[in-house]
Each structure stands twice: as C-alpha cells, then as structure tokens.
Amino acid sequence: MNNIFSRLTTRVSLAMIVIVVLSMAVIVRHWVFVTAPALKAAEQTKAELLITPYTQLLEAAVDENDEVRLGEILNQLVLLKDSTWHEPVVLSLKISLLDGRVIERRNKVKHKAVPSRTPFRTEMPIFSPRTTELLGSVKLEYNDAFYNRLIGEVWWEMGGSMGLALLLLLGMQYWVRRLLKPLTDLSNRLVHMDPDSQVSLPPADRAVSAEIRQVWGSIEQLLARLRQRDEALEEGHTAARAALQAKLEAEAANQEKSQFLANMSHELRTPLNAIIGYSEMLYEDVNESGNAEMADDLVHIARSGKHLLSLINDVLDLSKIDAGEMRLYLNDVSLPQLVSEVLDTVEPLIASNGNSITVGCDERIGSIHTDAARLKQVLVNILGNAAKFTHDGEVSLSVERVTDETGEWVEFRVVDTGIGISEKQQEHLFKAFTQVDESATRQYGGTGLGLTISRNMCQLMGGDIAVTSQLGSGSKFVTRVPVEVVNSDGESRVVTTLNRQPVPTPAHVTNENFSGNGAERHEKSPAILVIDDDPSVGDLLQRTLVGEGFYIEAAGSGREGLERAVELVPDLIILDVVMSDMSGWPVLSQLKKNPALLHVPVIMHSMTDERAMAATLGAADYINKPADKHELIGVIKNHLHNSVVSTVLVVGGSVDTRRLARMVFENEGWDIVESADSEVGLMRVAEKIPSVIVLDTDLPTMSATEFVQKLEGNEKWKPIPVLVLTGHSISDTEREQLLAHVDMVIEKGAYSLDTLLRRLRELIGPPRSETATG
C-alpha cells in the first residue's frame, strides 16, 4: 500500500509537469508561428513606409540632375534615429541609376548584428516626373536591431516563466508528499500487520491528524468485518466442496446408470428380437398345421416378449429424457393419417376389454409439423391406458385445431368411462415408477412410466398433457401440441430424407449366377442384402421375406456387407447400426459414396433410435428392432416400388398432345400424371415429386421459363430433370436461355417422341417392364 501512495504522489507531480509543459509549449508555439512572424512583418512594413515619402523627392532630384539636393535627401534619411534607443533607423541607402551611376550612404552601427538574421530590405523604382521614364531604383536596408532586441527579451521572459513553473512544481510535489505521509505510514503498518493473528491495528502516532485517525478507526472496523466474512466463507467453502463432491459422485453414478441402461437394453433386446421373431414365425407354421394349443402358447410367448420389450424401451426413453438426449425429428404429418395409424395400434387392446371407440377427426383438418413417432407414442400410451382401465365401456378420441393468443395448437382429447382417478391420485399421476393405486398395479400391471414419458415428450415439443377425472366416473386427457413444433435450437424444421419419395434411378445389373443363402434367385425377384452381425436377424428376415417373393442374402459384418453389396448390387439393403467389427454409419457412408450403389435404398434396422443420423447420411428409412412383420414388408415394398416405378409429369400442351404422350409413356411402363395448367402442375409436384417433367411451351398462365424458375426456387424440386417441348422453331438465343434452366429442348415433329423417349431412358433408366419388380 505504501507503493500505492508513492505512485499516487509521482502521478500527481507528473500530471502537473505535463500540464505546465503543454501550456508553455502552446505559448511558445503561438509566439514562434503567430506573434514573431507578425512582428517581423510589421518591421518590414515600417521600412517600406519609410522610403515611400522620399521617393518623389528623389525622383525630382535625379531627373533634374541636382546632386546637391539628392545628397541632402539621402543624408536626411541616413541621419534618422530611433527615439527610444537613439540608434540609426537606416543602415544603408543606395540609388542605382540606369546610366550606371550609384549613390550610396551607410551608417555605422555600434552593436553587433545577429549573423543568422538579415536586415529588413526594401527596393522601389524611380521614374522621371516629366517623361515617366524609368530612371533607376532606390534600395533601403532597415535596422533590425530593434526586432532582435524584442525577440531576445521575449525568450528571456519565457525562460524565467518556465523556471518559476518548475519551482512551483517542486514545491507542490513536496506538499503532496507531506500531505500523504500519514497515509503512507498507515499503509506501512497495514503491510506488516497479520490480520489473522492481530485483533486490531497498532495505535496511531500522536502527530497524525484527526482525519487520519478517523480513517484508521474505519480500517480497523473493516478488518474485523473481513475476519468475520472469512470465517463464514470458510464454512461455506467446506459445505460447497462437500456438495460438489456429492454432485460429482451423483453425476458419475447417473452416467454409469445411463451407460448401463444403454448396454443392457441392447443386450436384452437382442435375444428378445429373436424370441419375438421366431415365436411369430412358429405361430404361423403351427397355426397352419391346426395345433391350436401350441399356437396359443406361441401367442403368449410373443405377447410377453413384446411386453418386456416395451418395458425396456420405456426405461431407456426415461433415461434419455433425464440425460437431455431426447431429440425430435420433425416433419410434416397428416393428422388423419396419424390418427389412423394410432387406431390400428390400439384397436386390439380396446377390443380385448370389450370396449368401443369413437373417433372425431375431420379429414380436412390438414397437417402439422412435428415428430410423428413421438406424438404417435404419446397417443398410443394415453389410449392404451384408457383401454386398460375401462371394461365394457366407451373410449373416444377427438382432434381439433384451436387458436389463442399464444399461437395455433392441436388438441387430442381422450375420454373414457373407466375407473377414474381421484384428486389425490392425480398428484402422482405423472411421476416416474408410480401407479395411482397399488391395487391397480397388481390388477392392471405396468411400470408407471407411460404417462411420465408422454408428458415429457409433449413438453419437449412445446405442449403439455392435462387430466380431468373423478373416481368412478372416467377420465379425460387433453394432449396439446403446437401446429409448428420448434426444436430446442430454435429451428422449426429438421430436414430429413427418411420416408421420402426418391427420384428413381436406373436399375442395377443383377448377378444371376450367384446363389444366395436360401432360395435360388429368380430372374425378376428383387434382391435384398441384410448386413447384421446377429445371425438370427439374417435368418429371421430371410425366412420372413422369402415367402414374399424376395431374394435374401445376409452378411455377418460391415466389411463383408460392403464387399457383397458391390458384387450383388441389390435392390435394397437392410443395415444394422451396432455391429462388432464396425458401426453401420461408416458402412452407410461408403455405400452412398459408391456410384454403382448410390441408387440402392438403405433401410437402417437397429435397436438404437438415431433417425437424424440416418437421415443425414442418406438412409431411405429407419425401423426399430424388432420390427413388425407387416410394417417391415410394407416399408420394403414401398421403397422397392419407388426405386423402380418412374413417374413422368406432363405439363401444358393441347389435349391431343397430352393424350398421345400418355399412350406412348404408359406403353413403355412409366406412370403418367397430366396437368393442362402450370399452376396445377406445381401442385402435382408438391403432392409427389416426379422422376422427370415434360414441359410444353404452350402454357396458359405463365411461360416455360417462369415455370422452371418456380421449380428452381424450391430446394426439393430443383434437382428434377425438365424436358421442354416446343411447337415452333426457336432461335439459338431462345434455346440457350431455356437450356440454362432445363435439361433438353425438343421441337415437335415426326421424331420428337422418339427423341423424348431416348432422353427419358438416359435420365431415369429403363421403364418398369425392363427392371426387377416387387
């Protein structure tokens, strides 16, 4: 602290020095650049004014050639003296005539002139008063001693002022140091004092002023408070360290729990996948043989396996929610279609308890932007609970769009006539691992996770679940989600390619001589390659799909799958994510980097739910293990159909032109969609992206260029190939303008359709009749 006061004194002194120096510098600068030049100009003016009155006299004397008078005038000028210093004003006077004569007078100056300076000089011409002819000139040298003496005096005055300012600064520094000396002494004592061992400051000197004594006392009080604060901080620090240690241990335990759940869920679901798959397969075989008792046992096995799988999935979902790892995969979802899929799932459970269900969902209610899988899971959980706790009653589901000050929402109301929930039970309704009643748990089963997970998912989507119920009078659950769900990062849309309608690509060349792991491959049987390190998965899929007319091959590792995919070039690939030798993600990336396999749709088949990663890397779809047989077959057939059947959209032209195009293209095996109007054509593109667009320039509402520009304005539509048909000859400039936006321009004529067919085959491959079909 002593150094602080010393630095403070030095800074004050330096500040004063800087102020004085800057002030003097300003004064000196003003003198040098303003005052001194003004004085010098004034002296020069004096010299010019001095010679001016004598010019006419000199001109008359010279003109008359009166040397006596000329000498008198010159002597008068030379004899002029300053009244203050009594020194000659003129140093020299010189008349130079044109005839060569020179008349000069010079004074002797007693003092020494400054060598670096020159006297003030002035020169004026003289003319003849009679003829106005130039006679010569007169030069005057003015004495600069007065100016030099004035300048010297000013510099001496400035030097004295600066010296006086320096003395004042030294005095001020001494005064400041003396003023701060008591505080310096106080700081010295504080530096050498140990606050932990000393109760108070040492007593102040008697010479210290009352003000310093007051500061001394204040510092002593401050030190006492600091000691109290240190004691409190030490106690708080000890408690915080204990809490932090407990937190770290809890986080480590939670991380271990999450890792354990993730590992165990995979280990448990792997055999469950085989149990459920083989039991369903055996059930079909036994059921056909007529053994009803064994078939019933197999139904119980499959049902128990699925129930156990649902419990595992619930625990894993809750773990993801607790860890903040639950992600939304957003897309536009048709509400009527979503409700239909939910009903297909819950109708068996509703019917098993003798219940009936009514649905109120307007077919024109439209779509919402949300995570379809999560929303479907929420509705299935709530409807499943309603069906489980209701016997021989009614369950209703109504869907409605509502708008309030917070935005636009969709509400799903599920009402049942079941056992109901009391107000006390509702307090624990959404808590994990909690049932509303232990007796109900024993009677109806369950883990108590369904509603907890459902509510957390709704809140993750920006919505919530509310319940209204009375014991014995049924329940009403209202699920409310926004029409436009926004992700946690603020983006309202997650671009995903899953479940997309891909632009068809050329079919591959099949290897007919290769014999697969099962049935021989038929010439037109679509080939499916299964890449999974679990042999039971390949066996189950082979036995399940062979009966559907597919040719199945299984690869037991990622590397083997990559090699076999290149050799076989299948119609579709089913790929697992978790494998022993390598993850499914690098396998998917390498498949999509191979030009020969780029067109092959890849369906990810895994126990982990990583749809976003699959969509990013170009997977066609994602199915969680164990997959329902009918769902799996439906997805496979959908993607095989999309990869083979090509859709051609014909826009514009006359009715006869479109009819002729339809006949030609359908005979070749392509699906045809017509549109006479360009606006309707854009609507057809929005409904289903075609493989190629055949655009006639004969459009009623917009030009072909405007139509293509609207396509290019949409990122999903931009890659669609466009072939233009024109009914009139166009210039090279018009053709170049069109070709800048489209793939080909064809003029209508005798061979235009043949040219169009050849170009279509180049763009989208052979038609349906020339490729393998499912």
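Me: What share of the contacts in the protein chain between residues at least 6 apart in sequence joins residues at least 24 apart?
Reply: That share is 68%, with contact meaning heavy atoms within 4.5 Å. Keep in mind that this is a predicted model, where local features need pLDDT of at least 70 and side-chain atom pairs count only at pLDDT 80 or more, while totals for chains, interfaces and linings use all residues. Residues are numbered from 1 along each chain as its sequence is written, and side-chain values use heavy atoms, leaving out hydrogens and water.

Me: What is the mean pLDDT of the protein chain?
Reply: The mean is 76, and 79% of the residues reach 70 or more; pLDDT is the predictor's confidence in each residue, from 0 to 100. Over residues 490–519 it is below 50, although that stretch has 83 contacts in the model beyond near neighbours in sequence. Residues 768–774 are also below 50, with 17 such contacts. Where pLDDT is low, the predicted coordinates should not be read in detail.

Me: How many helices and strands are there in the protein chain?
Reply: There are 21 helices and 21 strands. Helices (H or I, at least four residues) and strands (E, at least two) are DSSP runs, numbered from the N terminus.

Me: Why is Cys-458 called buried?
Reply: Its relative accessible area is 0%, and buried means under 20%, exposed over 50% and partly exposed in between (1.4 Å probe, protein chains only). Cys-458 therefore counts as buried. Cys-361 has 19%, so it is buried too. Of the 774 residues of the chain, 41% count as buried.

Me: What makes the largest nonpolar core a core, and which residues have the most contacts inside it?
Reply: A nonpolar core is a set of buried Ala, Val, Leu, Ile, Met, Phe, Trp, Tyr and Cys residues joined through side-chain atoms within 4.5 Å. The largest one has 42 residues, and those with the most contacts inside it are Leu-335, Leu-375, Val-399, Val-410, Phe-412 and Phe-477. Elements giving it two or more residues include helix H7 (335–352), helix H8 (372–388), strand S8 (394–404) and strand S9 (407–416).
Reply: H18 (residues 678–687) has Ser-678, Gly-681, Leu-682 and Val-685 buried. Down its axis these fall within an arc of 100 degrees, so they line one face; the arc is that of the directions from the helix axis to the C-beta atoms. Ala-686 and Glu-687, on the other side, are exposed. The cover over the buried residues includes strand S17 (647–651), strand S18 (671–675), strand S19 (692–696) and helix H19 (704–712).

Me: What puts the buried residues of H19 on the same side?
Reply: The buried ones are Ala-704, Phe-707, Val-708 and Leu-711. They cover an arc of only 95 degrees around the axis, so they sit on the same side of H19. S17, H18, S19 and strand S20 (722–726) are included in what covers them.

Me: What caps the N-terminal end of H18?
Reply: Asp-677 does, with a side-chain oxygen 2.9 Å from the backbone nitrogen of Glu-679. A polar contact is a pair of N or O atoms within 3.5 Å; within protein, one must be able to donate a hydrogen and the other to accept it, and residues adjacent in sequence count only if both atoms are side-chain atoms. At the start of H13, a side-chain oxygen of Ser-557 comes within 3.2 Å of the backbone nitrogen of Glu-560.

Me: What do the buried residues of H13 pack against?
Reply: They pack against strand S12 (527–531), strand S13 (551–555), S14 and helix H14 (584–593). Among the buried residues are Gly-558, Leu-562, Arg-564 and Leu-568.

Me: Is Val-569 buried or exposed?
Reply: Val-569 has 12% relative accessibility, so it counts as buried. This residue lies in the loop between helix H13 (558–568) and strand S14 (572–575), and has a positive phi of about 50 degrees although it is not a glycine. Thr-132 also has a positive phi, of about 60 degrees, but at 59% relative accessibility it counts as exposed. Its loop runs between strand S3 (120–127) and strand S4 (134–142).

Me: Why is Ala-612 called partly exposed?
Reply: Its relative accessible area is 32%, so partly exposed is the word. Ala-612 lies in helix H15 (residues 611–617), and its C-alpha atom is separated by 8.5 Å from that of Arg-327, 285 residues apart along the chain.
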